[in-house]
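Here's a quick briefing to read with the model open beside you. Take a look at the fold, then work through the points below.

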Amino acid sequence: MDVQDTPTHYQPAHELLKQLEAGTLTSEALTTALLERIREHNPTINAVVTLDEQKALANARRADEERAASSARGPLHGLPLTLKDTWEVAGMTCTAGAPPLRDHKPNRHADVVQLLEDAGAIILGKTNVPIYATDLQSYNKLFGVTNNPHNPAHTPGGSSGGAAAALAAGMTPVEVGSDLAGSIRTPAHFCGVFGHKPTRSLVSFRGHIPGPPGTQSRPDLAEGGPMARSARDLELLLKVIAGPRPAEERSWALHMAPSVLQRLDQARVGLWLEDPLCPVEQELLPANGRMNSVA
């Protein structure tokens with residue numbers, strides 16, 4: 001389907017940004033379209049658990065005014081999006097799916113959120129997670145169960161299940177998830193979207209729950225990363241959120257060389273399929289039961 005024939009809510013972020021820059025689409029119109037999409041489909045899917053409609057629309061109108069005045073703030077200027085309910089957004093409830101945090105409203109953005117807003121993004125609201133983001137489905141006692149938009153009888157996975165479901169249902173063009181043992185990758189697979197767990201410490205974790213609110217240290221193995229409906233949008237978002245946290249800006253800088261791969265058959269993927277502590281279902285194994293790598 002040609003992008004012109006694709007409904008606005010399903011168009012990729014990079015195409016929406018082109019239209020915003022060209023003036024053929026306004027941020028207010030895009031934000032309104034996504035809010036309408038959420039109102040229409042969220043009752044069945046239950047992906048979005050917190051919304052700030054009035055603030056989002058006000059920020060969208062301001063973004064349109066800034067663009068008209070040639071004062072765009074960055075590469076995501078005027079792009080509305082949702083965030084996994086583990087990232088702290090100042091003034092917006094952040095629960096991580098945990099009843100003890102039902103009233104937690106941080107007064108400071110997570111580093112990732114600050115980078116998004118500095119780039120011009122507009123935070124629409126939050127998406128559902130299991131309690132403290134510790135499960136491969138997305139249910140908690142505060143907001144209930146998130147369903148897979150392709151089949152509401154199935155799970156979207158977890159813990160970034162609300163994020164993946166919102167993407168697949170056209171409620172947001174991009175998302176930022178977090179992943180320790182598959183919390184981005186599993187929901188992306190279950191919902192048919194793209195997700196990326198980046199290299200260690202490439203994305204700041206300050207302002208993510210868990211750990212507890214206010215934690216400065218970084219938990220082992222956990223990383224924040226982009227989610228989207230295309231690989232190109234993953235790259236677009238990662239370039240915004242990747243880099244040192246403010247306290248480390250004097251220590252290192254991000255300079256990533258572009259990939260030398262031009263075709264998929266140039267890549268090699270290693271599979272570890274034989275581990276007694278983490279067995280793989282027989283129906284998912286290759287016919288001969290063994291595989292060292294695939295092109």
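Let's start inside: leaving aside neighbours within four places in sequence, Leu116 is in contact with Leu76, Leu81, Leu83, Ala121, Ile123, Val176, Leu237, Val240 and Ile241. Keep in mind that this is a predicted model. The rest is sorted by topic.

**The nonpolar cores**

- The largest nonpolar core has 49 residues, and the members that touch the most others in it are Leu76 and Leu116.
- Another core lies apart from that one; it has nine residues, including Ala164, Ala188, Val193 and Met227.

**Overall build**

- In secondary structure terms, you're looking at seven helices and ten strands.
- The protein has a radius of gyration of 19 Å, which agrees with the value near 19 Å that a compact globule of 295 residues would have.
- Along its principal axes, the C-alpha trace spans about 60 × 50 × 45 Å.
- Of the 295 residues, 48% count as buried.
- If you take the contacts with a separation of 6 or more, 69% of them come from residues 24 or more positions apart.

**A three-stranded sheet**

- E6, E8 and E7 form an open sheet in the order E6-E8-E7, with antiparallel pairing.
- Strand E6 (174-179) and E7 are the edge strands, and each pairs on one side only.
- How many bridges join E6 to E8? There are six, and the two strands run antiparallel.
- Val176 stands opposite Pro226 in E8.

**The loop between E7 and E8**

- This loop runs between strand E7 (194-195) and strand E8 (223-228), and Pro210 lies in it.
- Most peptide bonds are trans. The bond from Ile209 to Pro210 is cis, though, with omega near -5°.
- The bond that joins Pro210 and Gly211 is cis too, with omega about 5°. Gly211 also lies in the loop between E7 and E8.
- Ser201 is found in this loop as well. Its phi is positive, about 70°, although Ser201 is not a glycine.
- Is Ser201 buried, exposed or partly exposed? Its relative accessibility is 32%, so Ser201 counts as partly exposed.

**Another positive phi**

- Most residues other than glycine have a negative phi. Tyr132 is not a glycine, yet its phi is positive, near 55°.
- Where does Tyr132 sit? You'll find Tyr132 in the loop between strand E3 (122-127) and strand E4 (139-140).
- Tyr132 has a relative accessible area of 32%, so this residue is partly exposed.

**Cysteines**

- How many disulfides does a search of the whole structure find? The count is zero.
- Cys278 has a relative accessible area of 54%, so Cys278 is exposed.

How values were computed: Residues are numbered from 1 along each chain as its sequence is written. This is a predicted model: local features need pLDDT of at least 70, side-chain atom pairs count only at pLDDT 80 or more; totals for chains, interfaces and linings use all residues. Side-chain values use heavy atoms; hydrogens and water are left out. Helices (H or I, at least four residues) and strands (E, at least two) are DSSP runs, numbered from the N terminus. Buried means under 20% relative accessible area, exposed over 50%, partly exposed in between (1.4 Å probe, protein chains only). A nonpolar core is a set of buried Ala, Val, Leu, Ile, Met, Phe, Trp, Tyr and Cys residues joined through side-chain atoms within 4.5 Å. Contact means heavy atoms within 4.5 Å. A disulfide is a pair of cysteine sulfur atoms within 2.5 Å. The radius of gyration is taken over C-alpha atoms; the globule rule is 2.2 Å times the number of residues to the power 0.38. Two strands pair if DSSP finds at least two bridges between them.
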